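The sequence and the coordinates come first, and the points then follow by topic.

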Amino acid sequence: GINAEYMGIINMDKDMDKSKTKGEEGTEELSKIRLTLSAKEIKPLEDVCSQILQKTKELNFKFRGPVRMPTKTLRITCRKTPCGEGTDTWDHFEMRLHKRVIDLNCPIKKVKEITGFKIEPGIIVNVSFPQQAKSTIFTLN
């Protein structure tokens, strides 16, 4: 009776050791992660990109980018006069959205460490995992 219980405890310890090593391998497993950054202004966007790349280089992970995507220009044309009378004069407004894409090859848990600095309010960061069938997207603000 005692030996069987003792052997059961030893087997449980071995199983726990195996699960620990599996868990540790899972945290170090490299994943493809795509960071999509977008903003109205270029300078703060480029600053954030350079900080992300600097952190990635410090941690010795592979990366690709930043890839500069085409700028989206949103245009609105409207009449100057509120009542509609008078000569036809028009106002033209536009907003430009700049976008950068950075691909990282690192563990998922390290993304928080890489993007863990203060990001200016006007910058939107989307984190996605393109290798998965259904891509999961997180937004960092």
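The lining of the largest pocket comprises four nonpolar, two polar and five charged residues, where Ala, Val, Leu, Ile, Met, Phe, Trp, Tyr, Cys and Pro count as nonpolar, Asp, Glu, Lys and Arg as charged, and the others, Gly among them, as polar. The model is predicted, so local features need pLDDT of at least 70 and side-chain atom pairs count only at pLDDT 80 or more, while totals for chains, interfaces and linings use all residues. Residues are numbered from 1 along each chain as its sequence is written, and side-chain values use heavy atoms, with hydrogens and water left out.

**Largest pocket**

- The volume of the largest pocket is about 190 Å³; a volume is the space filled by probe spheres set on the grid points, which are joined across faces, edges and corners.
- A pocket is defined on a 1 Å grid over the protein atoms alone, as an open set of points where a 1.4 Å probe fits, with protein on both sides within 12 Å along at least five of seven lines.
- Lining residues have an atom within 4 Å of a point, and for the largest pocket they are K32, I33, R34, K62, F63, R64, D103, L104, N105, P130 and Q131.
- At least two residues of this lining come from each of strand 1 (31-39), strand 2 (62-79) and strand 3 (90-106).

**Overall fold**

- Three helices and five strands make up the secondary structure of the chain; helices (H or I, at least four residues) and strands (E, at least two) are DSSP runs, numbered from the N terminus.
- Along the sequence, these elements follow the pattern α-β-α-β-β-α-β-β.
- Of the 141 residues in the chain, 22% are buried; buried means under 20% relative accessible area, exposed over 50%, and partly exposed in between (1.4 Å probe, protein chains only).

**Strand pairing**

- Two strands are taken to pair if DSSP finds at least two bridges between them.
- Strand 2 and strand 3 run antiparallel and are joined by 14 bridges, and L74 has M95 in strand 3 as its bridge partner.
- Strand 1 and strand 3 also run antiparallel, with nine bridges joining them; S38 has K99 in strand 3 as its bridge partner.
- Five bridges link strand 1 to strand 4 (residues 124-128) in the antiparallel sense, and T36 is opposite N126 in strand 4.

**Backbone geometry**

- Most residues other than glycine have a negative phi, and most peptide bonds are trans.
- The peptide bond from G65 to P66 is cis, with omega near 5°, and P66 belongs to strand 2.
- N60 is not a glycine, yet its phi is positive at about 60°.
- The loop between helix 2 (42-58) and strand 2 contains N60, which is exposed because its relative accessible area is 68%.

**Residues apart in sequence**

- C106 is part of strand 3 and counts as buried because its relative accessibility is 0%.
- C106 and N60 are separated by 46 residues in sequence, and their C-alpha atoms are 9.1 Å apart.
- V67 belongs to strand 2 and counts as partly exposed because its relative accessibility is 39%.
- V67 and R100 are 33 residues apart in sequence, with a C-alpha to C-alpha distance of 5.4 Å.
- E41 is found in the loop between strand 1 and helix 2, and E41 is exposed because its relative accessible area is 55%.
- E41 and M95 are 54 residues apart in sequence and 9.9 Å apart in space, taken C-alpha to C-alpha.

**Aromatic rings**

- R79 lies over the face of W90, at 5.8 Å from the ring centre; a charge sits over a ring if NZ of Lys or CZ of Arg is within 6 Å of the ring centre and within 35 degrees of the ring normal.
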